[in-house]
Amino acid sequence: MERGDFLPFLLLLPVMLVVFFVMFLPLVYGIVISLFDYHMGDLDFGRDFVGLGNYIRMMQDKVFWKSTVNTLYFTAGAIAGDLFFGTLVSVWIQSLNERIRPIIRPIVTIPLLVSPIIIGLIWKYMFNINGGMVYWILSWFGLGAEQFPGLAGSATAMLCAIIAHWWQVIPFVVIVLSSGLVSIPNDYYEAAEMDGASFIQKFFKISFPSLMPQYMVILLFNGVDAIKVFDIIYALTGGGPNNSTMSLSLYAYKNAFDHFDMGYAMAISNATMLISFLVFGIVFVRYNAKARKEGIKG
Amino acid sequence: MKKKTRTRILQIIFGVVVFVIAILPVYMIVSSSLKPTLLIRKMPPEFVFEPTWTHYLKIFKQGNFLSYFKNSLIVAVTSTAVSILIGSLAAYGLAIMKSDWANRITGFLTFSKLLPAITIMIPLYVMLDKVQLLGGFVGVILSHIAINAPFTTWLVLGFIQDLPQDLFEAAKLDGCTRMKIFWRVVFPLLSPAIGSAVLLSLQYSWNELMFAMQFTSMKSYTLTVGVSRFVGAISVDWGQSSAAATVVMLPIILVGFFLQKYLVSGLTAGAVKG
C-alpha cells in the first residue's frame with residue numbers, strides 16, 4: 001500500500017541479517033566447497049577443484065547409502081511410534097477426570113525438556129547389558145543379551161535409538177494432540193454414544209478426523225527433527241556397531257571432524273538437506289499453503 | 001456398572017505404566033548420581049541407600065563442570081535475550097507490513113526449519129575458522145540465535161495477529177507512533193508469547209550439542225559438551241556421568257515445571273495456527 005514504508009523492513013533487519021550470515025551464507029558456501037577436495041587451510045581454486053567428484057564418490061560410498069537407509073528407517077520408526085503411542089497417551093489423558101489432568105501433564109512432559117545428548121546417555125544406561133534396567137526387566141521373561149543384543153547388535157541397535165527418541169518426543173505429541181482433543185465439542189461424543197458407538201468407533205469417527213491438522217504439525221516437526229538425528233545416536237552408539245546406526249548427520253560430522261575431509265563432508269550434509277526437503281518439503285508446502293488460506297493477513 | 005469398573009482399572013494400569021516410563025529413566029540417573037559406585041549397576045535397583053556426593057565433588061573439583069555451567073548460562077541467556085528482542089521486533093515488522101512480502105518472509109523463516117543443522121554447521125565452522133572466531137562464545141551464540149530468532153518471530157507473530165485490531169486503531173487515534181504502539185501497547189500484551197519463546201529458546205540453547213561441541217574450546221565448553229566427553233569414553237564412568245547429566249537436566253526441568261503454562265502454549269501455537 002504505502003511505498004517507501006521502511007519501518008517494517010527496518011524492524012526485520014536484525015533477524016534477516018542473522019539468517020543471512022549464519023544460515024544462508026554458510027549454505028551457499030557449503031555448496032561451493034562441496035565441489036572441492038578441501039581439507040581445511042588454504043583453498044587452491046585451480047588444483048583442488050573436483051567438480052562433482054565428491055558427489056560421485058558419495059554415490060559409490062557404501063557407508064553413505066547405509067546411512068541414508070538408516071536415517072529413513074529411524075525417521076519412519078520414530079514417527080510411527082510417536083503417533084501411535086502419543087495418540088494412546090493423549091486419549092488416556094482425555095479420559096481422565098478434569099481435576100487430575102493438570103497434575104499429570106507436567107510429569108508426562110518432563111522428557112521433552114531433557115537434552116538429546118542426555119537422552120542418549122540415559123538410554124545407554126538403561127540398555128546397558130551389565131546392570132541396565134531393560135535387561136533386568138527382560139530377565140523376568142527369561143530373555144537376555146542373546147535374544148536381544150540391544151546396543152551391541154547390528155539388528156537391534158537402531159531400534160534402541162528409536163525407543164530413546166520415542167521417549168523424548170511422545171510428550172510433544174501428547175501436548176499437541178491434547179490441545180486438539182480439548183477443542184472437540186462434547187456434544188459430538190454424546191450424540192455418538194446415543195447411537196451406541198463404541199470407544200474405538202468414537203475415536204476413529206470423531207477424534208481422529210478432527211485431529212488431522214495436529215497430526216500434520218507433528219508429522220512435519222517431528223519428521224524434520226528425526227531426519228537430522230545426531231545427538232541421541234552420538235551418545236548411544238556413536239554410529240556403531242558396524243555402522244548399523246550411522247545417520248547422515250553423524251556420517252557428515254565424522255568426515256568433517258574425524259578426517260577433516262571438509263569437501264566430502266559438505267557433499268554429504270548437502271545430500272542430507274536434499275533428502276529432508278524431498279521427504280518433508282511436500283508436507284511443509286501443503287501445511288504452509290493451508291495456514292495462509294486460513295488467514296495470515298498480509 | 002461392571003464395565004465401568006473394568007475401564008477404570010484399565011485406565012489406572014495404563015496410567016501407572018505411562019508414569020513409570022516417563023519418570024523412571026530420569027529417576028535412575030538422578031539416583032545413580034548419588035549412589036556409591038558399587039550400587040549403580042546393581043539390579044534390582046536399591047531405592048533406599050545412603051546418598052554420597054563423591055561424584056558431584058569429582059565433576060566440580062577435578063572436572064571443569066563449574067566453568068561449563070557458567071558457560072552454558074552465558075550462551076543460553078545471551079542467545080535467548082537477543083533472539084527475543086530481535087525476534088519480537090521482526091514479528092511486529094511483519095504484522096504492520098502491508099505488502100505481499102510479509103507472507104513471503106514468514107514462509108522463508110519457517111522454511112529454515114527444514115534445514116538440517118549439520119548442513120549449516122560444517123561450512124559455518126570453516127567460515128568461523130577463517131575469521132578466527134572459533135573457540136569463544138561468538139560462534140555458538142550466533143548459531144543459537146539463528147535458530148531461535150526466526151522461531152520467536154513466528155511464535156510472536158501468531159500472537160500479534162490475534163490481538164484485536166481496534167487496539168491499534170485506538171492507539172493510532174491517540175497519536176501514538178507505530179514504535180510507541182509496539183512498546184506501550186503490543187509488547188506488554190505479548191507476555192504469554194514472550195514467556196513461551198523464552199522457555200523454548202532457553203531449552204534449545206541449554207540442551208544444544210552439535211554447534212557447541214565444535215565452536216567452543218576448553219575455556220568455553222558448555223555443559224552438554226562436558227557430558228559428551230564422558231559418553232565418548234570407552235568405559236563410561238556411570239557415577240560421574242549421571243552426576244553430570246543431572247546437573248544439565250535438573251535446572252531446565254525445574255524451569256519448565258514452573259513455566260508449564262508457557263511450555264504448553266508455545267508448543268501448541270504451531271498446531272492451532274500456521
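Predicted model: local features only at pLDDT ≥ 70, side-chain atom pairs only at ≥ 80, totals over all residues.
Me: Is Asn243(A), which has a positive phi, buried or exposed, or does it fall in between?
Reply: Asn243(A) lies in the loop between H12 and H13 of chain A, and its phi is near 60°, a positive value in a residue other than glycine. A residue needs 20 or more other C-beta atoms within 10 Å to count as buried and 12 or fewer to count as exposed. Because Asn243(A) has 16 C-beta neighbours inside 10 Å, its class is partly exposed.

Me: Which class, buried or exposed, does Phe260(A) belong to?
Reply: Phe260(A) is found in the loop between H13 and helix H14 (262-293) of chain A, where its phi is near 50°, a positive value for a residue that is not glycine. The count of other C-beta atoms within 10 Å of Phe260(A) is 12, and since 12 or fewer is the limit for this class, Phe260(A) is exposed.

Me: How many helices and strands does chain A have?
Reply: Read from the N terminus on, the elements of chain A are α-α-α-α-α-α-α-α-α-α-α-α-α-α. Along the principal axes, the C-alpha atoms of this chain fill a box of roughly 80 × 75 × 30 Å. The count for chain A is 14 helices and zero strands.

Me: What share of the residues of chain A count as buried?
Reply: Among contacts in chain A between residues at least 6 apart in sequence, 71% join residues that are at least 24 apart. Chain A has 298 residues, and the share of them that count as buried is 42%.

Me: How many of the residues of H6(A) are buried?
Reply: The buried residues of H6(A) include Pro116(A) and Met126(A), and among them are also Lys124(A), Trp123(A) and Tyr125(A). Helix H6(A) is largely enclosed by the rest of the structure, because the number of its residues that are buried is eleven of the eleven.

Me: Which word describes how H6(A) and H8(A) are set to each other?
Reply: Helix H6 (residues 116-126) and helix H8 (residues 157-182) of chain A pack with their axes 10 Å apart, at an angle of about 125°. The crossing of H6(A) and H8(A) is right-handed. An angle of 65 to 115 degrees would count as roughly perpendicular and one over 145 as roughly antiparallel, so for H6(A) and H8(A) the word is oblique.

Me: How do the residues of the contact of H6(A) with H8(A) divide by class?
Reply: From H6(A) the contact takes Pro116(A), Ile119(A), Gly120(A) and Trp123(A), while H8(A) supplies Cys160(A), Ala164(A), Trp167(A) and Gln168(A). Gly is counted with the polar residues in this scheme. The division is six nonpolar, two polar and no charged.

Me: Which helix gives the most to the side of chain B that touches chain A?
Reply: Between the two chains, 82 residues of chain B are in contact with 83 residues of chain A. By class, the chain B side has 52 nonpolar, 24 polar and six charged residues. With eleven residues, the element that gives the most to this side is helix H1 (residues 2-33) of chain B.

Me: From which element does the largest share of the side of domain 1 of chain B that touches domain 2 of chain B come?
Reply: The domain assignment of chain B gives domain 1 (1-52) and domain 2 (54-272), and their C-alpha centres lie 32 Å apart. Seven residues of domain 1 of chain B are in contact with eight residues of domain 2 of chain B, and the domain 1 side has three nonpolar, four polar and no charged residues. Its elements with two or more residues there are H1 and helix H2 (37-40) of chain B, and the largest share, four residues, comes from H1(B).

Me: What distance separates the C-alpha atoms of Thr110(B) and Thr153(B)?
Reply: Thr110(B) lies in helix H5 (residues 101-111) of chain B, and it is buried, with 20 other C-beta atoms within 10 Å. Thr110(B) and Thr153(B) are 43 residues apart along the chain, and the separation of their C-alpha atoms is 9.6 Å.

Definitions and conventions. Residues numbered from 1 in each chain as written. Chains lettered and ligands numbered in written order. Domains from an automatic or database assignment. Axes fitted to C-alpha atoms, helices over the stretch in contact; angles between N-to-C directions. Parallel < 35°, antiparallel > 145°, perpendicular 65-115°, else oblique. Left-handed = near helix turned anticlockwise from the far one by under 90°.
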